[in-house]
Amino acid sequence: MKKRSVLAVIFSLLLVTVLAACGKQSSATSGHGKYAAKQELNLSYPSTLDSIDISKSSGFGTTGNIFESLYRLGKNGSITPGLASKTTVSKDGLTYKFTIRNAKWSDGSAITAQDFVYSWQRAVTPKTKSQYAYLFSGVKNADEIIAGKKDPKTLGVKAEGKQTFIVTLSTPIKYFKKLMTYPLFGPVSEAAVNKWGSKYATKAQYMLYSGPFKLVGWTGTNNSWQFVKNNQYWDKQAVHLTKINYTVNESTTTTLNLFQDKKLDLTQLSSEQVKNLKHNADYKTYPYSITQFLSYNFNASDSTVKKALNNKDIRQAISLAINRKQLVTKVIGDDSSTAKGLVAKDLASDPKTGKDFADQAYLKNTVTYNPTLAKKLWAKGLKETGIKKLTLRMVSSNEEPNKPVSQYYKGQLEKELSGLTVDLSNIPASVMSQRRESGDFDIYLGMWGADFNDPISYLQIFKKDSGYNFGKYSNTQYDALVDKASNQDANNADARWQDMIEAEQVLMKDQAIAPVYQTVYSFLVNPKVKGIIHNTAGTQWNYKYTYIAK
């Protein structure tokens, strides 16, 4: 998340996600002392894995460690080597030629350029229903293929021999190399898909792995599994851990106890735990480019709710009734901060002035606490719609800190907005995901984490045709600005920046969502765990060089 969601990304990013970076960074672990005899990392996860199919996954939190893309995301967002050993780019920025290194799948078979061609064509095929297909926008014919207007075979990708993968873009993409660190753009074995058919990716054994680890012990629904060192991985000498043990734990009380009993090496803390453990020697915070927001269902099944949520005054009243500062300081209690808009603070800066995007795009009376104006707009909206009383179903996953946060929303909104009742549903993440994707909600607690350090990573998700636009928001001006930034102005940094500023402001003027806060997560970390690399965008955690000190 990114979004990660992000992410969008969704709440699988909240605890521990895994990715790897490679290249020269392997030397960073030398000189840190001797390795412990047992190189195993013990981690907790909030729910069972939803998918290990990179074309269909709703997030890439864990798959970043078992699958390799053309590059990997390294320290401070740097681009480090992956399956591409060499890259050449044409002068016009439209053609990328990747030389695929001599790498193997976990079964020992060769990874080839054709595996990339197959993977990319599979991801943009409409019947695959890839929620991340929009990230291929800019690759020749991708948009038309996703829309069902062209054959996937016409995608701007081809293989020359076994080692050369060529990508043709319809317009230059400034962040293309960083995008290529994302697991979505990794290879998929067509032979494996054909071999296992409907069983493919349903269990750990029905998958081939290209990353530093391979998945073992996952049945599709169980609550424990392992990432075991992949001895076929091209850079296996850089990987110190022999195993990462995962167990599902929904309760942070449970995970804290397990950490204190030395059965977990990292544990994310709840808001209450942060207050008590903030000065613990093992306490550590990790910032994320993740924005938490309220997302409205513009196509709600209940006609009264649909009428209400399609009224801008009602949506703005909801946003202005939330005391974000109080929520962050009193309820969440960590170093999270209030949001200025959808795009997270400290993600990207104006190429001309250096000013932060979030500061530049900020609009008054969109995310501030203004109960007087909220009441006025609420009364106006109810009068316009002819509604006297309104009940809204607010849905969230039961992961931290959603339960206390949603309870705060209920209390605050019902206090400030007369005639409003908020019904809460705090449910398992997998159920939450199903309800969100089927549109079975009025408001849901959404979040998005940047996939890479660029505002477009956020702005793309609320386009009409985005797989993550669960609330079915639609604004032609907004879509046109995002498209302009991605196409017409793609090679003009200043014009592109202005397009994105205007798009964010359209979104906020329209109150399409209510951004609330930007996340910082708090952990206790075993001090013997060394070599963790963390990033604020994309897949955040890098365990490729992690080791357990003696």
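Predicted model: local features only at pLDDT ≥ 70, side-chain atom pairs only at ≥ 80, totals over all residues.
Proceed to the nonpolar cores. In soluble globular proteins, nonpolar side chains tend to be buried together. The largest nonpolar core here has 155 residues. Select Phe98, Trp120, Phe165 and Tyr409, the members that touch the most other members of this core. Centre the view on Phe165, which touches, among others, Leu70, Tyr96, Phe98, Ile100, Phe116 and Trp120. Lys97 and Lys158 are also among the residues that Phe165 touches. Another core, of eight residues, lies apart from the largest one; to find it, select Phe259, Val274, Leu277 and Tyr283, which are among its members.

The last stop is a pair of helices. Select helix 10, residues 324-332, together with helix 13, residues 402-416. How do these helices pack? Their axes lie 11 Å apart, at an angle of about 135°, and the two helices are therefore oblique to each other. The crossing of helix 10 with helix 13 is right-handed. On the side of helix 10, the contact is made by Gln326, Leu327, Val331 and Ile332; helix 13 contributes Pro404, Val405, Tyr408, Tyr409 and Gln412. Of the residues in this contact, seven are nonpolar, two are polar and none is charged.

Note on methods: Residues numbered from 1 in each chain as written. Heavy atoms only, no water. Axes fitted to C-alpha atoms, helices over the stretch in contact; angles between N-to-C directions. Helix = DSSP H or I, 4+ residues; strand = E, 2+ residues; numbered from the N terminus. Parallel < 35°, antiparallel > 145°, perpendicular 65-115°, else oblique. Left-handed = near helix turned anticlockwise from the far one by under 90°. Contact = heavy atoms within 4.5 Å. Nonpolar A, V, L, I, M, F, W, Y, C, P; charged D, E, K, R; others polar. Core = buried A, V, L, I, M, F, W, Y, C linked by side-chain atoms within 4.5 Å. Buried < 20%, exposed > 50% of the residue type's maximum accessible area, 1.4 Å probe, protein only. Lists of a residue's contacts leave out its neighbours within four places in sequence.
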